[in-house]
Amino acid sequence: MIAGIFVISCKSKEETVINYFKADGNIWHIAKEKNNNWVTADYNGVIASANLKSGENKWTYLTNAFVFDLTTVDLNSDGNIETLLVTAQGKLIVLNSDGKELWSFQSELPLYNVEVGNLTGDEKSEVICGGIDRYVYVFDDEGKLIGRSEKVDRLVHRLAVGNLDEDLYDEVIVIENRTIANLMEFDDNLFQSVWRKPIKVPDNMINWENPRGNFFPFSIEIDDINNDGKNEIIMGDTYFNKQTVMVTDCETNPIWISEGLQPFKKEDDAQIEFYSTAYVRSADLIPEIEGKEVISLAGGMFRIWDKDGNLLGSQNSKVGFTDIEIDGREVFLSSAPNGDNFMYSFLIDENWEKKVAKIEFQGLISQIKKNTEKLGLMVQQYRPEMVNENKIYDLKIGFGSNPTNPEGLEEYRNQLEWFYQKFPYKNLRIIESLKAIEPTPPLDEQGNPWSPWRWKVDAINGTMSVKEILDKAKWIEDNEIPTIFYIGHSCMPFITLETAERILQVAPNYCLGFQTSEDENIEVVPRYFEHFYKPLAELCRKYGNKRCITKNKGLWWMSAPAHEEVFNAMFSEGRESVATAATEDSNSRTPEINLMGRGGLWQAGLLHNNDVSIHGDLFSFNRFFQWEYPKAGHPYLRLLVAHTSMGMTQISTRIREIMPSSDSAVFEVTGKESTEIFYHLLGKGIIFSPKRENALGYSPIGIVVHKPSQKWLEDAHNGHAPDMWKNDNELENATIPHNGCLWGMTNTPDHALQKILFNKDRQFGSQIPATPYGLVAFVPEFANLEDVTHIKEWWHTDGIYVWKEGGPKLTGEEAANAIKTDFTRGAEHLPFRQISNPVFMQVLKVDENHYRLVLVDSGWINPKESRVDIKIQLDGDFKVEDVLSKEKFDCTDNTFSVRMPPGLFVLIDVKKKE
């Protein structure tokens, strides 16, 4: 689509307060051209130049890739502005003032940064870029490579260019491995490092997210903010240090560091986002104050400091943004994620905080919010005919943990009273979570600590003696508080098996079970499950089938059960009765496969319990970029609805959707637009978790998973270390490729199974996959395939190859063609088939003549309206009706059309005519 920008201003009587600029897409990066011309890059990689005053579109360039960085400059001093950008596909592109490509450079891996400076002292500028391949590249203005650094540590995380030693030309500050500053410059035509050092924070800022006390510059600028003729370095952190801003001298020695934000706190009638980045800029915004000001934007939180670090003002906005630029005293802002299609601007003056407070969502995201409100009203007004009150759903909701003392008990009871007044449903039960960690790390089967480092990280927040742990368990039992004990992370138990059994003995009724999280250390997983999870599951069985929960992301639920040790530990000898699957698909490139892995285990009768989790950082595609601040609940609502239809029994929310007070609580915006609606949907039985035999949305063709190779597993579970990647032809052509942290936001390869089966275009944002051929069950080879409901035939895979029993192993395009042909054929046997514009669809059988279709918009970051055509492939004549609105659909030749509202879902009842 050709991007256009149109001017809409919101005015008071005296002056324009906020300017709104409508665009055709979700704008992630902005840069000033000249006059009123600005260049934008949207989520789909459309680069557009437009005049923000007149709305005239100057030019458009299609990159067909996500743009990580964008800048504009007169590169060759000819009076015209060039546009420079780098993409997730590893391409540096330089465009002239008419949007035509001048030259480009291709890296094998994603490029994160592009900067311009004068590194050689002549009259022309140089272009500097870098990213995951660990090199810093320097080009002259015509695209000739004139310098390349030695490989840095892990990745070129961020770049900044400026004069840092008062000579005639610029230097480059390279942030490598997220926390190490490396100063580089040309010396005798050789581009090399001058010095290298870690960036640290004071000891009092050490926390469990940042146990080593590092500073993580997720945003960096170089400028002379005190007008002394020497440049300073300005850096903004993210969740590691609570969006602090640090200003240093030219050698990264701290001059001042701001206070961090208080995560999950409500401020200025909007919530502070834990996982946002503090984007930093500098400008002379307030002429009467000496020096330049530093402005920070973290999600929706604006803060301005003077040159000495004195906070001049702060204001939290209802809207969150992914980019900020300053032109004179005017601030320009990109779109918010999740459906926004506007740019924003306002002038910094004495009323700037009031202006920030007045910024309102416009366009598509505003319409989604209005539609969500209407949907909520329909759900409130819905009168169910009958609800299965014997099916209980457990809810770990967003109050947070209460202390185990009289005050905590009173707070807990107040929360229960508040909840059940709002949601008076007998099928909903509130449960609690309590972390238990002993003073010393438990030992593995060889007598060594499982992971001393991980234990130390979690121990920062405090440990408990075994007596204290058991006292808490007894308190929970005495006060009848159903509780899951959180007892491990990263294959590191926090308590011994002996302590676990004593908890079960002390709290036989109200200890619901145990949970460990992110058990994804592939070197340790098999023996961890053999020697800790398995005996823990046996204890859970012995003491009344308590839940034994492991919570994992990425491709864990596809790949880990394909290890025989893991499969046996979880599902053999009756342990499937306690095994509970949970996910935390943040920092994940392939959540749709993880979902289908859980779905397959459930369809195979190996899982009876599924936890559906929503987290604030589900919008992080890797840990080198942080965009939380959805500022809208619709992604979470859709995820809950879709995943519930695949066998959910427990819900965990970590989006702080509820803000408690001393005697009550209120839903925050994200909660009002997600969980508040969802609890009514669930309580009234509008959406429900089916029996596996009544889940009819699965393709009759399933996929058997064999133990993947070590190299595939290393990529599949690589969330933090791009330097571990080694180029490999088998991995490049794999059936399920590009799963590690290198690939976040890259285009999904055409041959990838997830693109063929789930219409996935990008290695991010597929929490709710489209299902053109139906849901697909992934089942480990050790399962009894005859027990898998509704699946009639099988493909096999080890992640790299696919094959049929007795057939050749296929990969790349050959595998893609075979898979597509077979699943197209399989879709002809579905009871309901999407024949155009597919979205997520599950089919729930209510009775022999009644089916409920769950249709969910799959656009995670980029929701859109569509019309889905559905073919009924069952015998008979049917009537079709919207469950909530009661709208009746024309059904001709057993085909009907549904308008899918962007960012939401539709529930359809299909009943056979009498």
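The reply below takes up the salt bridges one by one.

Reply: The model is a predicted one, and its salt bridges come to a count of 46. Side chains of opposite charge can pair when their charged atoms come close.

One of these bridges is formed by the side chains of Glu445 and Arg527, with an N to O distance of 3.2 Å. The two residues belong to distant parts of the chain, 82 residues apart: Glu445 lies in the loop between strand S34 (432-435) and helix H4 (452-459), whereas Arg527 is part of helix H7 (residues 525-542). Glu445 is partly exposed, at a relative accessible area of 35%. Arg527 is likewise partly exposed, at 27% relative accessibility.

A further bridge joins Lys711 to Asp728, at 3.0 Å from N to O. Lys711 is partly exposed, its relative accessibility being 29%.

Within helix H17 (residues 812-827), Arg825 and Asp822 are about one helical turn apart, because 3 residues separate them in that helix. Their closest N and O atoms are 3.1 Å apart, and the two side chains form a salt bridge. Asp822 counts as buried at 10% relative accessibility, since the limit for buried is under 20%. Arg825, at 32%, counts as partly exposed.

Key
Residues are numbered from 1 along each chain as its sequence is written. This is a predicted model: local features need pLDDT of at least 70, side-chain atom pairs count only at pLDDT 80 or more; totals for chains, interfaces and linings use all residues. Side-chain values use heavy atoms; hydrogens and water are left out. A salt bridge is a side-chain nitrogen of Lys or Arg within 4 Å of a carboxyl oxygen of Asp or Glu. Helices (H or I, at least four residues) and strands (E, at least two) are DSSP runs, numbered from the N terminus. Buried means under 20% relative accessible area, exposed over 50%, partly exposed in between (1.4 Å probe, protein chains only).
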